[in-house]
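Please examine the sequence and the structure below. The paragraphs that follow consider its salt bridges, its strands and one of its helices.

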Amino acid sequence: MYADYRLFHLAVADGVCRATIDNPPINLLDVPLWSEIDRLTREVAADDDVRVLIVDSADPEFFVAHADAGMILDLPADDIGLHDELSPFHAAMEAFRLLPKATIAVIEGICRGGGSEWAMAFDLRYAALDKAVFGQPEVAFGLIPGGGGTQRLPRLVGRGRALEVILGGRDVDAATAEAWGYVDRALPADQLRSFVDKLARRIASCPQSAITNAKRAVDAALSSDVTTGLRIEDQLFRETLAQPVARERLQAVIDAGAQTREFELGDRRRNGS
C-alpha cells in the first residue's frame with residue numbers, strides 16, 4: 001500500500017495521510033495524476049490506520065493548474081447523448097467525495113478548472129491569503145466545466161456567484177473565496193499548514209465510525225428534505241452509540257468531571273475568556 005507513486009509524496013502518521021502533489025511543471029491534472037488520485041482514493045478507503053487525508057502541493061504556486069487540454073481533446077466529439085451512468089472522471093470525483101475518511105485540501109497557489117473541481121470534492125478546503133486563486137475558465141474556450149463544477153459550485157456559493165465564476169471566467173482570490181464559501185477558511189500563508197495540521201490531528205483522534213457517520217449525516221442534509229435527513233441522522237447516531245468506543249469515551253469524560261461548572265468552563269478560563 002502507498003508504494004510506487006510517481007506524482008505524490010506520501011507520509012502516514014498518527015491517523016493522518018499526507019499526500020503532496022508533485023507533477024511538474026504546473027501540477028497538470030493529466031491521465032497519470034488522475035490515475036494516482038483514483039488509486040489513492042481506494043487505498044486510503046481501505047486503510048484502517050488512516051482517518052484523515054491531507055492533500056497539498058510541492059509547488060507553492062500551483063495546487064492543480066487545470067485539466068490537461070490534450071486529454072479533453074482526446075474525448076469523442078460525436079457522443080452528445082445523456083448517459084445513464086457517471087462519466088469516469090465524475091465517478092472518480094464522487095468516489096473521492098464519498099471517502100469514509102475526512103479529506104482536507106491545502107491550497108497555496110493556482111487552482112483552476114479540473115483542479116478546482118477536485119478541490120470541491122474535498123470535505124474541507126483551506127487557502128493561503130494573497131496566494132491562492134480559484135477559477136473555472138472553460139466557457140471562454142467554448143466548453144462548460146465537465147468535472148462537477150456546475151453542480152458543486154452552486155451548492156457552495158449559490159447560483160449567482162457560481163455563474164459569475166463560470167461565465168466570467170476570472171480568478172477568485174482566496175479572501176473572496178472564503179467570503180463566498182468556495183473555501184472554508186483563508187489564512188496567512190505562514191499559518192495555513194499549522195492550522196490544518198492541528199485540525200487534522202484533532203479529527204484523527206476521533207473514532208472512525210463517528211467520522212464516517214458524521215459525513216453521511218451532513219450529506220443527507222444536502223440530498224434530503226429535513227424530515228428525511230433527521231431520520232437518517234437518528235439512525236446514524238444510534239449506529240455510533242452502539243459502538244463500544246463511544247460508550248467508553250462518554251464514561252471516561254463523565255469520570256473526569258464532565259457536566260460540572262468547573263470542567264465545562266475549563267478551556268474558557270485557561271484561554272482568559
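Which side chain meets that of Arg42 in a salt bridge? The partner of Arg42 is Asp38, at 3.4 Å from N to O. A salt bridge here is a side-chain nitrogen of Lys or Arg within 4 Å of a carboxyl oxygen of Asp or Glu. The model is predicted, and local features need pLDDT of at least 70, side-chain atom pairs count only at pLDDT 80 or more, and totals for chains, interfaces and linings use all residues. Residues are numbered from 1 along each chain as its sequence is written, and side-chain values use heavy atoms, with hydrogens and water left out.

Arg42 and Asp38 both belong to helix H1, four residues apart, about one turn of the helix. Helices (H or I, at least four residues) and strands (E, at least two) are DSSP runs, numbered from the N terminus. An α-helix has 3.6 residues a turn, so residues three or four places apart point the same way. Helix H1 also holds Arg39 and Glu43, again four residues apart, whose side chains form a salt bridge at 3.0 Å, N to O. As for accessibility, buried means under 20% relative accessible area, exposed over 50%, and partly exposed in between (1.4 Å probe, protein chains only). Asp38, at 30%, is partly exposed, as is Arg39 at 22%, whereas Glu43, at 15%, is buried.

A further salt bridge joins Arg193 to Glu108 at 2.8 Å, N to O. This pair links distant parts of the chain, with Arg193 in helix H8 (residues 189-204) and Glu108 in the loop between E5 and strand E6 (110-112), 85 residues apart. Arg193 is partly exposed at 28%, and Glu108 is buried at 11%. Through shared partners, salt bridges connect Arg18, Asp56, Glu108, Arg193 and Asp197 into one network. Across the whole structure, 13 salt bridges are found.

Two strands count as paired if DSSP finds at least two bridges between them. Strand E2 (residues 16-21) runs parallel to E3 and is joined to it by six bridges, with Ala19 the bridge partner of Val55. From E2 the chain passes through H1 to E3 in a right-handed β-α-β crossover; right-handed means that, with the strands pointing away from the viewer, the path from the first strand over the helix to the second runs clockwise. E3 also pairs with E5 in the parallel sense, over four bridges, and Val52 stands opposite Ala102 there.

Helix H3 (residues 88-97) has Phe89, Ala92, Met93 and Phe96 as its buried residues. Seen down the axis of H3, they fall within an arc of 95 degrees, so they line one face of the helix; the arc is that of the directions from the helix axis to the C-beta atoms. Their cover includes helix H1 (31-46), strand E3 (52-57), strand E5 (102-107), helix H4 (114-120) and helix H5 (149-157), where contact means heavy atoms within 4.5 Å.

Elsewhere, four strands form an open sheet of mixed pairing, in the order E4-E6-E8-E9. Strand E4 (62-64) and strand E9 (172-173) each have a single partner strand, so one side of each is left without a neighbour in the sheet.
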